[in-house]
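Reader: Please show me the chain, and then take me through how it is packed.

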Amino acid sequence: MKATGLPVLALASFPQAHPPAPYYAERLETHVVRFPHVNVPHAHDFYLLLYVTEGTGTHTVDLVTYELRPGSVFFLAPGQVHHWHLGPNVRGLLVFFSADFYLFRYPGNGLYAYPFFDSAHPPVLYLAPDETEIRPVFESLLAEYNAPHANQGEVFRSYLHIALELATRHYPAQPAAENGLALQQIRQFGALLNEHYRTKRSVSDYAELLHLTANHLNALCRRVLNKTASALIHERVITEAQRLLSHSALGVAQVAYELGFEDASYFVRYFRKYAGTTPEAFRQQR
């Protein structure tokens, strides 16, 4: 039976042996024994990294199921829904951290600009099982987390920065300088969309927040993502609706309310138009 609501776990949901910190590291096989509730669909209010060192299984992120195998590295941003099915011999390394913890030393848009936290890329990087570049950094993160040093946070954050920067090298090179502004504006649009999709559904709303015209924002989205801005807005709303329908026992009217729809019947029409089926039919398919 589904839970009455989708769990959104905070770092405090994972009691630590030492004083609470805005970061966490543990071996996957130890973590799932200590916290068995993580095997059911849930979201977090923090960032999550998972490096798989042994074994196989599956990892479902936002309704898409990915293979879990040695050398796979998963990157989850706050709010993404996930769960996994782990084989009996799966081993790996987990790292959690809050945005504020990272941004304290590395401010700006860097955290949000990493390609693996961008919905345009899958949330997994498949490396060679015997790679020796990123895995040692994850091992260092775990070792530092378990070390009682006064400057633990600073060292942990430095290793974290190195891990993220090394992972970035496995993605296409940054675009030419003339496209840099366009990408920055698209990422700002994505961040605003994640913040306001429950209350703002017109292109002009977001264009105003970005100090652009609606036509300019649409042109940017078509050029960079080959989609209109309105299509991206609808996709974000439908994705959240599908999350709630798949991972909660909320009724259709309650889902509509959660998404900011005052009229449940309008939500049903909206969902049918952009998802190609009704909310109830979608739920029965899961």
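Author: A nonpolar core is a set of buried Ala, Val, Leu, Ile, Met, Phe, Trp, Tyr and Cys residues joined through side-chain atoms within 4.5 Å. Buried means under 20% relative accessible area, exposed over 50% and partly exposed in between, with a 1.4 Å probe and protein chains only. The model is predicted: local features need pLDDT of at least 70, side-chain atom pairs count only at pLDDT 80 or more, and totals for chains, interfaces and linings use all residues. Residues are numbered from 1 along each chain as its sequence is written, and side-chain values use heavy atoms, with hydrogens and water left out.

Reader: Which residues touch the most other members of the largest nonpolar core?

Author: That core has 57 residues. Contact means heavy atoms within 4.5 Å. Leaving out residues up to four places away in sequence, F117 touches Y47, L49, F75, L76, A77, L111 and L164. A second, separate core of 32 residues includes Y206, A207, L232 and L244. In the largest core, the residues that touch the most other members are F97 and F117.

Reader: What share of the residues of the protein chain count as buried?

Author: The protein chain has 286 residues. By the under 20% cut-off, the buried share is 46%.

Reader: What radius of gyration does the protein chain have?

Author: The radius is taken over C-alpha atoms, and the globule rule is 2.2 Å times the number of residues to the power 0.38. For 286 residues, a compact globule would have a value near 19 Å. The protein chain agrees with this, at 20 Å.

Reader: Among contacts between residues at least 6 apart in sequence, what share join residues at least 24 apart?

Author: These contacts are counted within the protein chain. The share is 69%.
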